[in-house]
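Thanks for coming, everyone. Please take a look at the structure on the screen, and then we will walk through a few of its contacts.

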Amino acid sequence: MQYDVTVIGSGPGGYVAAIRCAQLGLKVAIIERYPVLGGTCLNVGCIPSKALLDSSEHFYNAAHNFSTHGIDLKDLKVNLPQMIRRKNEVVQENNKGVEFLMKKNKIDVLYGHGSFLTKNRLKITGKSGEIREIETQRVIIATGSKPIVPANFNYDKHRVITSTEALHIEKVPGTMVVVGGGVIGLELGSVYARLGTKVHVVEFLDRIIAGMDSDCSRELMKSLKSLGMEFHLRYGVTEVKPSKSKVKVTAQSRDDESKTLSWETDYCLVSIGRKPFTDNLGLENAGITLDEKGRIPVNDHLETAVPGIYAIGDVVRGAMLAHKAEEEGVFVAETILGQKPHIHYNLIPAVVYTWPEVASVGYTEEQLKEAGTPYKSGKFPFRALGRARASMDLDGMVKVLADKETDEILGVHIVGARAADMIAEAVALMEFRASAEDAARMSHAHPTYTEAFKEACLAATGNRALHV
């Protein structure tokens, strides 16, 4: 079979790239090594984790906040197997949705492990070992990433787990040690903390979510501590020893080698990052070599060193985000057809789906200081919002960073209820290079959480916030 474009990998980047190529009139195939479409994000990442985050937040509110709202409950308990079943149903519905989109756009779905024989010939190896070959003019590599687990962590998928296994626990653990204070560890750690698990977070650096603005780190850690989560910053894990029913985790202080911490815990969740998944793709047969971090090098058009072969998402440089991969999928499809798309990478938002949520776009204050960029800052606390008081979501703040001379918005950082949705307003304004004054002059519905963004913009333009 001859195709105009073949996409390897059906995650958000891959299936969106396939759809856009098909919309533009190309004959498209997509290769998926697993029996379901959607990749990590849909099956063991973004979607199932958000399903559990929502379920655990409902339980936590029922246990701690409903009585204040005048809702009295008796004999409240966690039915974790039902939570897992609901999560699985959400995933399955999304699987069906992607399958439908493939059929609707007349995209051939080829199940099996795809690899290069030559730059234009691909081999698909099925689950039972059967092999088929196809010819293609162009290839888009969208194979995603997988968790990093050092060999000395003794990863057994039973007591030493990654985010994949953490989505399938069916009994609320008594204790859990989370190695890594990044997005994945904090999201899943907060799920179990809300259900009653004692969660310890071990972080090598001096703060959690270290890639985000330091004010976000402080605000989030304060909120998560109120769930009972404990944080051990500037500690490195030195030993992980699983047994049948427990796992021993030992960590050493970076500041004092004689100072160690140790836990006998039900689970050790390893969440220290992810690495590109490029195993057995036969890249050498196409003439592609990886960089020092295992990524596929690409140019500004996301094309590899081999003309006609592109790579997107987690296998290339940049943040490992589903929506970044989607943007790149559309970008490559339109580039292939000779269009002139663009991606403003600095305006791709980052989100942590804890509660409160954290969302950020643009530069952090630390980055502006390091670059020597003159800036001004405005903050507004959620607890000063009428809407936040009504919903009892008082934790958090909005921080706006603007150019000191031009007033152009350079960064927006939000911790609070619905931050993940609120950040879109900041992205839209920054895409059109709006000033803080522009945002401050826009009417925001009352009462809403987004009023905090307007007030932070007012604070950034001469300390003019009205409600604080």
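Start at Arg121. Its relative accessible area is 26%, so Arg121 is partly exposed. Here buried means under 20% relative accessible area, exposed means over 50%, and partly exposed is in between, with a 1.4 Å probe and protein chains only.

A word on the source. This is a predicted model, where local features need pLDDT of at least 70, side-chain atom pairs count only at pLDDT 80 or more, and totals for chains, interfaces and linings use all residues. Residues are numbered from 1 along each chain as its sequence is written, and side-chain values use heavy atoms, leaving out hydrogens and water.

Back to Arg121. Which residue does Arg121 meet in a salt bridge? The partner is Glu135, at 2.3 Å from N to O. A salt bridge here is a side-chain nitrogen of Lys or Arg within 4 Å of a carboxyl oxygen of Asp or Glu. Arg121 lies in strand S5 and Glu135 in strand S6 (residues 131-141), so the pair ties together parts that are 14 residues apart in sequence. Glu135 has 28% relative accessibility and therefore counts as partly exposed. Helices (H or I, at least four residues) and strands (E, at least two) are DSSP runs, numbered from the N terminus.

Stay with S5. Strand S4 (residues 113-118) and strand S5 (residues 121-125) run antiparallel, joined by 5 bridges. Two strands pair if DSSP finds at least two bridges between them. Across the pair, Phe116 stands opposite Leu122 in S5.

How many does a search of the whole structure find? The count is 24. One of them joins Glu93 and Lys96, with the closest N and O atoms 3.7 Å apart. Both residues lie in helix H4, 3 residues apart, about one turn of the helix.

Another joins the side chains of Asp215 and Lys399, at 2.8 Å from N to O. This pair links distant parts of the chain: Asp215 sits in helix H7 (residues 214-225) and Lys399 in strand S21 (residues 397-403), 184 residues apart. Buried or exposed? Asp215 and Lys399 are both buried. They also belong to a network of salt bridges, which links Asp213, Asp215, Arg218, Glu365, Lys379 and Lys399.

Next, the aromatic pair. The whole-structure search finds 1. Phe382 and Tyr449 are stacked, 6.0 Å centre to centre, with 20° between the planes. For pairing, ring centres of Phe, Tyr and Trp (its six-membered ring) lie within 6.5 Å; planes under 30 degrees apart count as stacked, over 60 as edge-to-face, and the rest as tilted. Phe382 is in the loop between strand S20 (375-381) and helix H11 (386-391), and Tyr449 is in the loop between helix H13 (436-441) and helix H14 (451-460), so the pair ties together parts 67 residues apart in sequence. Both Phe382 and Tyr449 are buried.

That H13 to H14 loop also holds Pro447. The peptide bond from His446 to Pro447 is cis, with omega near 0°. Pro356 lies in the loop between strand S18 (350-352) and strand S19 (357-362).

Why point these out? Most residues other than glycine have a negative phi, and most peptide bonds are trans. On the phi side, take Asn154, with a positive value near 55°. Asn154 is in the loop between strand S7 (145-147) and strand S8 (160-161). Its relative accessibility is 38%, so Asn154 counts as partly exposed. Asn463 also has a positive phi, near 55°. Asn463 is in the segment after H14, and at 67% relative accessibility Asn463 counts as exposed.

Last stop, a sheet. Three strands form an open sheet in the order S12-S13-S14, with antiparallel pairing. The edge strands are S12 (235-242) and S14 (260-265), each pairing on one side only. S12 and S13 (residues 247-253) pair over 7 bridges. There, Tyr235 stands opposite Ser253 in S13.
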